[in-house]
Amino acid sequence: SWKDDAHPYGEDTPFTVTGRPTFEAGKHYTYNLTIGKDMVEAGDITVSDWGSTVNLNGEGGEQDADKLSDPISMTTLREQLKAWNDANPNSQKSLKDLITPELLNENCKNGKLIISGEFDNTNPAYTDNGSKKCYGMSVETLEAFEKIADYVRDKNNKVSCLDLSGVTGLTAIGDIKKENGSDEYDLSFYASGLVTFIGSPDITAIGYAFERNYNLVSVSGLENVTYARSAFYSCHSLSVVPNMPKATNLRWTFNDTAIKELRHDNAEILAIGDCASLEVIDCPKVNDLIGGAFNGSISPLNNLKELRLTSKSFESVHAYAFNGGLVIGQVTLYLNANQEDNIEHIESNDYYVWRPKKADGTTSAVQASGTTDYVLLNSFKAVYCGDKQIK
């Protein structure tokens, strides 16, 4: 209906749009409408199909820079795949065959690529075993998303924002072992141009996923991630720790980033270095520290002031966990109150040595190096066990 001065309450007689083409399935149509007193006409018309854009009027039309990104639906692609394979029994295709550069180019606008829909993991690639994990994903899923990741990694495609918030069935990104245990599916965004990443609730592992994304500043949608080893290694612009409350493995996760504080309630494995801006580490459940856990390859933690490792017990602490990366006499170490009994002050040479225990309360958690079966605490400015200052 419409209104004008002569018809202030509207007119129920419908208008018919003239001058438009016959619509065809699977194509996008964009056109301007000219609305007059007694007619509606279609103006500039654009039709888009699998990477091509044709202006049917020969002028005007859609401007690529102004177009919003369209989600690429895995559900829709799988339906198209089934239809093709049903109709072409002697020329079968895979999902990866439908994920073409043309499709990705057509739907990535202003640097934003949106993937949505459901991956089918009815038949996982293999059964997870030790370090070889496919995280329940099928070969179809792994091969298809590998095509997407490869497109994102290619900086010529200028993908700055990847939105996976509408995806289901993608459970891990990064390097995923193939069944033979040696080759890998590369589902990582290594050295890409991403600035913004939005994950999905199904993603639980992001090991090695974003290394050397120098411009990455915004990461979200990773609330169910548990494994994040080396995920943001050398993401120089990342200054805010993404919300990953379930993550337990943070070994080298934030090396060489711009974060100022690392506070995490559930991380159990930690190693971090080369963070010039880092001032506070507060991880109350960390119980696993490798040798040089706070030592990077570029520079020490020049601004670190507080190191809070207040777990009640430890599974493994290397004798040289604190060697190399901490500025001597600058960092205060905070431990659980019950660790007081595990610290010995050797007055003859003024050494403070720490021998943390495992959960049973008797077995040493120290990973000895040669004859050194303790962790030396002398480099710390001060050491607290609970509220009590020990050193």
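User: In the hairpin of E22 and E23, which residue takes a positive phi?

Analyst: This is a predicted model. Strand E22 covers residues 343-346 and strand E23 covers residues 351-354, and the two pair in the antiparallel sense over four bridges. Four residues lie between the strands of this hairpin. The residue with a positive phi, near 55°, is Asp350.

User: Which residue in E23 stands opposite Ile343?

Analyst: E22 and E23 are antiparallel partners. Across this pairing, the residue that stands opposite Ile343 is Trp354.

User: Which residue in E25 stands opposite Val353?

Analyst: E23 is also joined to strand E25 (residues 375-376) by two bridges, and these strands run antiparallel. Opposite Val353 stands Leu376.

User: How many disulfides does the count come to?

Analyst: The count takes pairs of cysteine sulfur atoms within 2.5 Å. By this rule the number of disulfides is zero.

User: Is Cys275 buried or exposed?

Analyst: Buried means under 20% relative accessible area. Cys275 has a relative accessible area of 0%, so Cys275 is buried.

User: Which strand gives the largest share of the lining of the second largest pocket?

Analyst: The second largest pocket holds about 260 Å³ of space. It is lined by 13 residues, and among those closest to its centre are Ser131 and Asp175. The largest share, three residues, comes from residues 174-177, strand E10.

Notes: Residues are numbered from 1 along each chain as its sequence is written. This is a predicted model: local features need pLDDT of at least 70, side-chain atom pairs count only at pLDDT 80 or more; totals for chains, interfaces and linings use all residues. Side-chain values use heavy atoms; hydrogens and water are left out. On a 1 Å grid over the protein atoms alone, a cavity is a set of points where a 1.4 Å probe fits but cannot get out, and a pocket is an open set with protein on both sides within 12 Å along at least five of seven lines; lining residues have an atom within 4 Å of a point. Grid points are joined across faces, edges and corners, and a volume is the space filled by probe spheres set on the points. Two strands pair if DSSP finds at least two bridges between them. Buried means under 20% relative accessible area, exposed over 50%, partly exposed in between (1.4 Å probe, protein chains only).
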